[in-house]
Amino acid sequence: EVHYARVPAGQWREELLKMKAGGLDSIAVYAFWIHHEEVEGKWDFTGRRNIRSFLETAHQVGLKVLFRIGPWCHGEARNGGHPDWLVQRAKQKGFRLRQNNSQYMSSVERWYKQVS
C-alpha cells in the first residue's frame, strides 16, 4: 500500500520501482478525500495530489493498482479521510457519516464525480 499524497510527486517513480523490485506486481492506494477538498468546493489535484499522474506512473513501472476511493479510508487519516468541513456539517445538521442518508450521500456523490 502507498499513499501518493504523502510522498512528494518527484519521488513516486523511485518508490514504486522499489516496490516492484521487492516482488510486488500490484499495490493498493487510498484516495483521501480530506487531501483533495480541505475547503468545501475547492478541489486540489495538483502536485502530490495528482491522482492521474500517480496512476500513470504506476502503470509505466508495471504495477497494477487497487484504487480505493473511500469515502471512508482506514489509512491513518484524520476523520477516516472525511474533510473537516463535512464532519462539522454532520454535527451541526445532525446527520451521520458513513450512513445512507441524503445529506451525506450528496457530498459523497460530488467526491466520486471529482475522482472519476
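## Basis of the model

The model is predicted, so local features need pLDDT of at least 70 and side-chain atom pairs count only at pLDDT 80 or more, while totals for chains, interfaces and linings use all residues. Residues are numbered from 1 along each chain as its sequence is written, and side-chain values use heavy atoms, with hydrogens and water left out.

## Overall build

The protein contains five helices and two strands. Helices (H or I, at least four residues) and strands (E, at least two) are DSSP runs, numbered from the N terminus. Along the sequence these elements follow the pattern α-β-α-α-β-α-α. The C-alpha trace spans about 50 × 25 × 20 Å along its principal axes.

Of the 116 residues, 39% are buried. Buried means under 20% relative accessible area, exposed means over 50%, and partly exposed lies in between (1.4 Å probe, protein chains only). The accessible surface comes to about 6900 Å², and 48% of this surface belongs to carbon and sulfur atoms. Accessible areas come from the Shrake-Rupley method with a 1.4 Å probe; for residues, only the protein chains shown count as cover.

A contact means heavy atoms within 4.5 Å. Among contacts between residues at least 6 apart in sequence, 71% join residues at least 24 apart.

## Charges and salt bridges

The protein has 18 positive and 12 negative side chains, and the centres of the two sets lie 4 Å apart. Here Lys and Arg count as positive and Asp and Glu as negative; His and the chain ends are not counted. The place of a charge is taken as NZ of Lys, CZ of Arg, CG of Asp or CD of Glu.

Side chains of opposite charge can pair when their charged atoms come close. A salt bridge is a side-chain nitrogen of Lys or Arg within 4 Å of a carboxyl oxygen of Asp or Glu. By this rule the count is 11 salt bridges.

One of them joins glutamate 1 and arginine 68, with an N to O distance of 3.7 Å. This pair links distant parts of the chain, 67 residues apart: glutamate 1 is in the segment before helix 1 (12–21), and arginine 68 is in strand 2. Glutamate 1 is exposed because its relative accessible area is 51%, whereas arginine 68, at 33%, counts as partly exposed.

## Two further pairs and a network

Arginine 49 and glutamate 38 meet in a salt bridge at 2.8 Å, N to O. Both residues lie in the loop between helix 2 (33–36) and helix 3 (51–60), so the pair ties together parts that are 11 residues apart in sequence. Arginine 49 is buried, with a relative accessible area of 12%.

Lysine 113 forms a salt bridge with glutamate 109, and their closest N and O atoms are 3.4 Å apart. The two residues are four residues apart in helix 5 (residues 102–115), so about one helical turn separates them. Lysine 113 is exposed at 57%, and glutamate 109 is partly exposed at 43%. Elsewhere, salt bridges that share partners join Glu37, Glu40, Arg89 and Arg110 into one network.

## Histidine 82

Histidine 82 is in the loop between strand 2 (64–68) and helix 4 (84–93). Its relative accessibility is 0%, so histidine 82 counts as buried. Leaving aside neighbours within four places in sequence, its contacts include Trp33, Ile34, Pro71 and Trp72.

The side chain of histidine 82 makes a polar contact with the side chain of tyrosine 104 at 2.8 Å. A polar contact is a pair of N or O atoms within 3.5 Å; within protein, one must be able to donate a hydrogen and the other to accept it, and residues adjacent in sequence count only if both atoms are side-chain atoms.

Glutamate 37 is found in the loop between helix 2 and helix 3 and is buried, with a relative accessible area of 0%. A polar atom of its side chain lies 2.7 Å from the backbone nitrogen of glycine 41. Not counting residues up to four places away in sequence, glutamate 37 touches Lys42, Trp43, Pro83, Trp85 and Arg110.

Serine 107 lies in helix 5 and is buried, with a relative accessible area of 5%. Apart from neighbours within four places in sequence, serine 107 is in contact with Trp33, Trp85 and Leu86.
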